[in-house]
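Please look through the structure shown here, with its sequence alongside.

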Amino acid sequence: MPEPTTPPHLPPFPPDALGITSTIPLEVPLAAGRRVVDLNNLFVRSTDPGWFIRRAEAEGFPRTCCSWIRGLYGLLRTAGIEGAIFVTGGDCSNTHAMMETLGPVLRTVFTFSFPVPPQREALHLELERFATAFDTTLEAAEAMGRRLAPLRTALAELDRLTWEENRVTGPENQQWLVSASDFGGDPEAFGRDLDRFLTTARTRPPRPPSPVRLGVLGVPPIITDLHEFLESLGAAVVYNEIPRQFAMLDDQPAATLTDRYLAYTYPYGVGPRVADIRREARRRRLDGFIHYTQAFCHRQIHDIVFRREIGLPMLTIEGEAPGPCDPRTRLRLESFLEILHERQG
Ligand code: SF4
């Protein structure tokens, strides 16, 4: 496939920033005075995310590698990014292989590895190693964690306004929580914007309660209008599982960074995720789940465990390329929602 010639417009990548492709203990680079930008958000929100995927394919990436990986690779090859932090344990082997292909391109590479299975001492040591790599200390990172805590508390409030007070929509919840993986690349600006949003949201009239309360499970959907479509069918999306994990909300406060990153379920396999999903399903009075899976992602297999362990109706859908919901998926969602509405009478 020929390489496309004109990349979509991107905001200039800050020269002092490091890109991330998955959630990392960002308190460490921030304590070292580095900015962190989540490349997933940059990729999927660009005017033509498919361009980056095509570039990766033109350079030899197989089509059977998930679109997130191909898109991130294309972005990293295009956007003038000089340094990145990769998760080498607890994320996915595709990320690892992508990192290896980028050796000659990136000037600076940091890695972080979540110990799998989760183990307190091993995680503490890894956090210390990570801090040393940035020429900072775990104490400085803990202090940064305390500075960021009000943001996590505010995000917990936003999440509560979604499921308890019906004042924040499912799409808004998803947008804010995924943006918290890097606090929009600028925690201070993020905090100001979040305060403004919460001031408005708190005083809005609550939305009429929906008879169907949904949770969306799985990696953030590459389908750009999934939440809007679900809510247009009369459902309320009141739980975004993985975005909520990325945001590490302070409704379950963590005393230390080791506590915080041990409580984070995403890297540690399906068991901790099931426990979290069950707890939140009860708390949020959910009627069913959409399990979003990404084509060619190993995490699709977790669907078997979710069906066995989570006793609520669930529809599994698959997305491949960035863009709106395809007609077949829309039809399946409509049928599932009809069944749930009928069950609720
Ligand atoms: S969607 Fe799956 S395969 Fe793709 S980057 Fe995420 S974890 Fe890896």
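Four strands form an open sheet in the order S6-S5-S7-S8, and their pairing is parallel. Strands here are DSSP runs of E with at least two residues, helices are runs of H or I with at least four, and both are numbered from the N terminus; two strands pair if DSSP finds at least two bridges between them. The edge strands, each pairing on one side only, are S6 (235-240) and S8 (314-319). From one strand to the next the twist averages 30 degrees, taken between N-to-C directions of lines fitted to C-alpha atoms, on a range from 0 to 180 degrees.

This is a predicted model, in which local features need pLDDT of at least 70 and side-chain atom pairs count only at pLDDT 80 or more, while totals for chains, interfaces and linings use all residues. Residues are numbered from 1 along each chain as its sequence is written.

Within the sheet, strand S5 (residues 212-217) runs parallel to S6 and is joined to S6 by five bridges. Glycine 215 stands opposite tyrosine 239 in S6.

Helix H7 covers residues 138-163, 26 residues in total. Its first and last C-alpha are 35 Å apart, close to the expected 38 Å, which is 1.5 Å times one less than the number of residues. At leucine 148, shortly before proline 150, H7 has a kink of about 40 degrees, the angle between axes fitted to the seven residues ending there and the seven starting there.

The ligand is surrounded by residues including Cys66, Trp68, Asn94, Gln294 and Arg299, counted if the C-beta atom, placed from the backbone, lies within 6 Å. Helices H4 (67-78) and H5 (93-101) are the elements that give two or more residues to this shell.
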